[in-house]
Amino acid sequence: MPRTRCWACCSASRRTTSPPPRRPWRRCTALTSAATRSFTDPAAVAVRALSKDGRRLFSASDGEVRVWDTHTGRRTAAFRHQQGKLLEMASSPSGRTLAIATEGGGVRLWDPAKGAVLEPRYPVAEGAGQFDFDVSYSMSEDVLVVHGGQGATYWNSRTGEKTEVPTLGGDVEVTADGKTAVYTLLGSALRRQPLPDGRAKTWWHCPWRCQTYALSPDDTKLAVPGPDQSIQILSVRTGKESDNDMRDWKGGAISWSPDGRFIAALNDSGLQVWRAHHATPVLDEPAAPGAGDLAFDPDGHTLRYLAGDTVVSVRLDLRPRPGARGNLLSTDGRLVLSGSKLHHLATGRTITLQEDPQHPRVFSGDGSAVAVGGDTAVHVLDTTTGRRTTELPMSDESPQGLAFSPDGARLAVSGQTYISMVELPGGRQVWRAPADMADKLAFTPDGRYLSIGESFLDVTTGRPAVPRPLGAGVRGLDFSTDGTVFGWSEGSARMAFWRPGAQPSSAPLRDMPADRKLTFSPDGSLVVAITFKGMRVYDVASGVVIAAVEDPSIAHVGFSGSRLLALIDGRLTEYPMDPALVRARACERAGRSLSAAEWAAYVPGLPYREVCATMP
């Protein structure tokens, strides 16, 4: 019976026994993305505004405003608003007031829960929609900012007072108490206090550019663009820079979380989040086209943004929580080595090895033993007891490379000037051959040959050999961490490979990065490629990337059942790879199944079906 796998990028299934024609590579992130769900407004054309907490979407069209719960997708209210061409709409910080601007009707304030119009009204000149007209709230419930042309007006809807300021398109803010206006003009940050009649005062000139900025909730700091794609934190009183900058900023509107703990930036280039206090990155996600209106949920770990007609929800803490520390992971995902501590992940047991491991370090294929280097010796240790089973002195040389044979009965050891083959346990030397600094050793899956870089030795004799494990036409052979040998035939788009315990095969993995380290899953259905940028998970049968993690600190990966384990920055992190769970996450994110057109584009050759609707 054909097996199906759920693709993260399209919430669908492909038949892996007969893969469809290749499509251009698309980044697939349902396994690793922090986006959890989305809600799409059913209105075909509308003016939309997201509440400041992201929990409600206001959608206005055909003279009616509809209020949607972005989590459940249910409509909670609807009312008719003033007549005239709809220009803009904005929600107050609490969401209890909705400002609606129309030509002829001006700016009117509404109670969206009751559908009742409030007073007073702000008049809008005829043709205002042609001059960069906009309305927005910042932190004050009472002050609405009306943008038009090259300036803005702070309108206190409670008192009716107005304050006009020139901005030339720069950002504007108002403090929560409604008494202080903050805006930028020609590279200077200005403050007008108190509103409405206070004088404008230039605080300081921005060291770089302040056309866009964000005022902290406590009114003491500004987050502004800095040099070299960074965001700087400046004191509003002195203009002094903090010691920490948010690095690798991709542009976009800058926002503070209401509690001041996070700073976020959002545009089509992606969603980025940092901890404000010490500028550490928390999130770096692709964003949907047209992304804007970022909102922080009061729960403290959910963000939402509006992209066209869709509200996307993102969780700051969805990414797998890091587990035990380590610097080496067994390929079967059962063991993590951290210094002299060996963690058994299935049982939670930790043992102390009899030796303090140095480089190099390698687990046997079945995880029953680990070989570790010392100053002038190699030690083989039992992973159940931590005791030394074999000691291999190396005279005055330090070990450079280690490799267990597929059956674990032999160990290849390289020094600066030679390679030796020993039997396990006991360490009886089978042969010794001269070699220069061969630090990369690997056995072919049948255990007959030892690779020492670009050449091979016969495992029985130690003499040079010229094997063709994948055929005469396959060049540039390399080995994965699980002992699979692979390469590409000249002129072929398929990767030839031979896994231990299996027959030689091939797969359409032509988009594999050139500088990579591979690890296959135990059943051979998945392969992970680690590069200096992060990792990609490929479905072997189709060659499709089903997950991608951009993190240069990924060092080792392994598989344990339906989980992919990774050592990221020295901490163990796990990702579920179960197809049903992947499908559930993808469907929850999308909020719907694929349309017939999307199915035809992503899953050609298979009959259309409602993937999300058929979920258990």
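## Two strands side by side

Two strands are said to pair if DSSP finds at least two bridges between them. In this predicted model, strand 12 and strand 13, the latter covering residues 143-148, pair in the antiparallel sense over 4 bridges. Within this part of the structure, Val 135 stands opposite Val 146 of strand 13. As a general point, the strands of a sheet pair through backbone hydrogen bonds, and the pairing may be either parallel or antiparallel.

## The chain as a whole

The chain has 616 residues, of which 51% are buried, and its secondary structure comes to 2 helices and 56 strands.

Ser 157 is found in the loop between strand 14, which covers 151-156, and strand 15. Is this serine buried or exposed? Its relative accessibility is 11%, so Ser 157 counts as buried, the cut-off for that word being under 20%. When its neighbours within four places in sequence are left aside, Ser 157 is in contact with Leu 109, Glu 119, Pro 120 and Asp 142.

Another open sheet of 4 strands has the order 50-51-52-53, and its pairing is antiparallel. Its edges are formed by strand 50, residues 517-520, and strand 53, residues 545-549; each has a single partner strand, so one side of each is left without a neighbour in the sheet. Here the neighbouring strands are turned by 20° against each other on average, again with direction ignored.

Inside this order, strand 51, made of residues 526-530, and strand 52, made of residues 535-539, pair in the antiparallel sense over 5 bridges. Val 527 stands opposite Tyr 538, a residue of strand 52.

## Aromatic rings and a charge

How many aromatic pairs does a search of the whole structure find? The search finds 6 of them. In one of these, the rings of Phe 486 and Trp 488 have their centres 6.2 Å apart and their planes at 90°, so the pair is edge-to-face. The name edge-to-face applies when the planes are over 60 degrees apart. Phe 486 is buried, with a relative accessible area of 1%, whereas Trp 488, with 22%, is partly exposed.

A ring can also have a charged group over it, and Tyr 418 provides an example: Arg 432 lies over the face of this tyrosine, at 3.5 Å from the ring centre.

Most residues other than glycine have a negative phi, and most peptide bonds are trans. Against that background, some places in the loops of this model deserve a careful look. A cis peptide bond, with omega about 10°, joins Leu 195 and Pro 196, and Pro 196 has its place in the loop between strand 18 (188-192) and strand 19 (200-205). The peptide bond that runs from Leu 424 to Pro 425 is cis as well, with omega near -10°, and Pro 425 lies in the loop between strand 40 (418-423) and strand 41 (429-434).

Which residue has a positive phi of about 55° although it is not a glycine? This is Asp 228, which is placed in the loop between strand 21 (221-226) and strand 22 (230-235). Gln 229, likewise not a glycine, has a positive phi of about 50°, and Gln 229 too lies in the loop between strand 21 and strand 22. A residue is called exposed when its relative accessible area is over 50%; Asp 228, at 61%, is therefore exposed, and Gln 229 counts as exposed at 54%.

How values were computed
Residues numbered from 1 in each chain as written. Predicted model: local features only at pLDDT ≥ 70, side-chain atom pairs only at ≥ 80, totals over all residues. Heavy atoms only, no water. Phe/Tyr/Trp six-rings, centres within 6.5 Å; stacked < 30°, edge-to-face > 60°. Buried < 20%, exposed > 50% of the residue type's maximum accessible area, 1.4 Å probe, protein only. Lys NZ or Arg CZ within 6 Å of the ring centre and 35° of its normal. Contact = heavy atoms within 4.5 Å. Axes fitted to C-alpha atoms, helices over the stretch in contact; angles between N-to-C directions.
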